[in-house]
Amino acid sequence: DLDVCSCAYKLGNIGRVVDGVDACRLAVREEILKGATQIKVMASGGVASPNDPIGNLGYSEAELRAIVEEASNASTYVMAHAYTPRAIARAVRCGVRTIEHGNLVDAATADLMAEMGAFMVPTLITYEGLANEGERYG
Ligand SMILES: [Zn+2]
């Protein structure tokens with residue numbers, strides 16, 4: 001079975017669309033109460049999401065900061081799906097701890113990540129999965 005980043009699938013039962021600061025706070029609280037150990041957000045578009053291009057940003061900064069605050073209140077952290085320097089820098093400045101993918105990071109943004117104590121999870125297996133199995137899984 002293919003086991004790539006869950007963002008390579010439709011959101012379905014692993015995620016939700018949330019709009020607005022209050023709704024973001026509620027969503028984090030609900031996910032924590034259901035047992036989530038971390039919160040992942042889509043801070044940018046992606047490579048497998050035709051209607052959410054890679055250069056787009058996800059969430060407002062106020063929403064990201066609220067999500068980070070709620071995760072921190074629950075003694076955990078936020079990971080962000082992000083590719084571009086713009087998306088990565090914005091997420092890290094809002095308190096996101098790990099950047100998932102991050103493959104287009106530039107030197108200045110990598111320096112910012114280091115300064116902020118953030119981590120990169122490059123998820124390279126995702127691209128092998130997409131290359132080998134992407135067509136079959138649509
Ligand atoms: Zn992702």
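Asp22 and Leu33 are exposed on one side of helix H1, in what is a predicted model. The buried residues of H1 are Cys24, Ala27 and Val28. Looking down the axis of H1, these buried residues fall within an arc of 95°, so they line one face of the helix. They pack against S1 and H2. Just after H1 comes Gly35, with a positive phi of about 115°.

Let's move on to helix H2. Its buried residues are Glu63, Leu64, Ala66, Ile67, Val68, Glu70 and Ala71. They pack against helix H1, strand S1, strand S2 and helix H3. Ser75 follows H2 and has a positive phi, near 60°.

| Helix | Residues in helix | Expected span | Span in the model |
|---|---|---|---|
| H1 | 13 residues | 18 Å | 18 Å |

Now for the strands. In a regular strand the side chains alternate between the two faces of the sheet. How many bridges link S1 and S2, and is the pairing parallel or antiparallel? There are 4 bridges, and the pairing is parallel. Met42 stands opposite His81 in S2.

To put the pieces together, S1, H2 and S2 make a right-handed β-α-β unit.

Key:
Residues numbered from 1 in each chain as written. Predicted model: local features only at pLDDT ≥ 70, side-chain atom pairs only at ≥ 80, totals over all residues. Heavy atoms only, no water. Buried < 20%, exposed > 50% of the residue type's maximum accessible area, 1.4 Å probe, protein only. Helix = DSSP H or I, 4+ residues; strand = E, 2+ residues; numbered from the N terminus. Contact = heavy atoms within 4.5 Å. Pairing = 2+ DSSP bridges. Right-handed = clockwise from strand over helix to strand, strands pointing away. Expected span 1.5 Å × (residues − 1). Arc of directions from axis to C-beta.
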